[in-house]
Amino acid sequence: MTEKDFLPGAYQKMPENGKVTWKAPSNIALVKYWGKRPVQIPANPSISFTLDACATTTSVTFEKKEKNDGFSFDLIFEGKQKADFKPKIQTFLERVEMYLPFLKAYHFTIETSNSFPHSSGIASSASGMAALSLCLMDIEKELNPSMDEALFHAKASYLARLGSGSACRSIKGDLVQWGAHKNIPNSSDLYGMEYPFKVNPVFKSYCDTILLVHKGQKKVSSTVGHQLMHGHPYAENRFEQAFSNLDKLKPILANGDLEEFIKLVESEALTLHAMMMTSMPYFMLMKPDTLEIINKIWEYREATKTPVCFTLDAGANVHLLYPSSDKEKVQIFIKDELAEHCENGQYIHDQVGSGAIKIND
Ligand code: PMV
């Protein structure tokens, strides 16, 4: 599909009002997206596990306005009006208006909440933008009931990408690929899609425990970090490596080769942070406890031969990945050894999920 496929024709009907609700999960990348050109076109393809427990639920109530004059919306976050989120939503609506020409015809009340604690350091932009995009697509489907499922999901992912790049991987599950790659049929820079190749059952129920090392605001935002890949001395090699890692991942995912999975995933995480440390200006998002946890994971893996590994997103938190068959003993290890490195001892047990769902009110 191309951008043109996302431009709707004339709407078949325009309801006076209504309400839609969607719950969209967060995701964690195995091969990372870091570096982009406008608007949210990735410098390299990426792939992620869709999560389950960490999610955003968003309801959009819509009411026809008298005049089609500008955007009109209220934003309610966890029960309270949230004025400081409004500019981001305003920018998003401006960006997607040509693909959703009904936006100025309605007043929207957007009510949103996260399943994970406030300022846990878990980015809510992926699940938040995915949930909002799905709600807007659901409204569009009321206006154009003949829209098919494939277009619905691709366009929801396309819109989510325009809100926040990695959000486009939070529509479907369990593994989502985003970014054009010559060896992955139908892959696109414009939207994420379900990983089209064979996936060993071990990965279908993989666990991800998010160790909340630092819950405060990050010193450098992802937006700035992506920007610093322009003119970065290692950027071209890094982008090539990501393309090649997607090729390498294909037999690993098909065969359930955990040893190779661990090497590739940990290398991707450390490369992401190495890019940050070698940007100009350079910066570091890992904290001393991030490193303590990584070392303990390596020691535990060596001593017990349990296939646990870590990945990182753009922050200090550590995602501990392991097969569900090892859940019991790994969770004891987390409680006994890793929790002490988390802020207030906090962590969240999550696992691979199956994508966003519509909630019937
Ligand atoms: O979607 P953004 O702009 O927040 O960037 C996400 C970047 C990483 O989380 C570090 C990697 C990824 O692929 O999710």
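Guide: A polar contact is a pair of N or O atoms within 3.5 Å; within protein, one must be able to donate a hydrogen and the other to accept it, and residues adjacent in sequence count only if both atoms are side-chain atoms. The model is predicted, with local features needing pLDDT of at least 70 and side-chain atom pairs pLDDT 80 or more, while totals for chains, interfaces and linings use all residues. Residues are numbered from 1 along each chain as its sequence is written, and side-chain values use heavy atoms, without hydrogens and water.

Visitor: How many residue pairs are in polar contact across the interface of domain 1 and domain 2?

Guide: Domain 1 covers 3-198 and domain 2 covers 201-351, with bounds from an automatic or database domain assignment. Across their interface, with both residues at pLDDT 80 or more, the number of pairs in polar contact is 13.

Visitor: Which element gives the most to the side of domain 1 that touches domain 2?

Guide: Strands (DSSP E runs of at least two residues, numbered from the N terminus) that give two or more residues to this side are β1 (17-31), β4 (46-64) and β8 (175-178). By class, the side has 21 nonpolar, 10 polar and five charged residues. With eight residues, the element that gives the most is β4.

Visitor: Which residue forms a salt bridge with D174?

Guide: A salt bridge requires a side-chain nitrogen of Lys or Arg within 4 Å of a carboxyl oxygen of Asp or Glu, and the rule finds one across the interface of domain 1 and domain 2. With the closest N and O atoms 3.2 Å apart, the partner of D174 is K204.

Notes. Helix = DSSP H or I, 4+ residues; strand = E, 2+ residues; numbered from the N terminus. Nonpolar A, V, L, I, M, F, W, Y, C, P; charged D, E, K, R; others polar.
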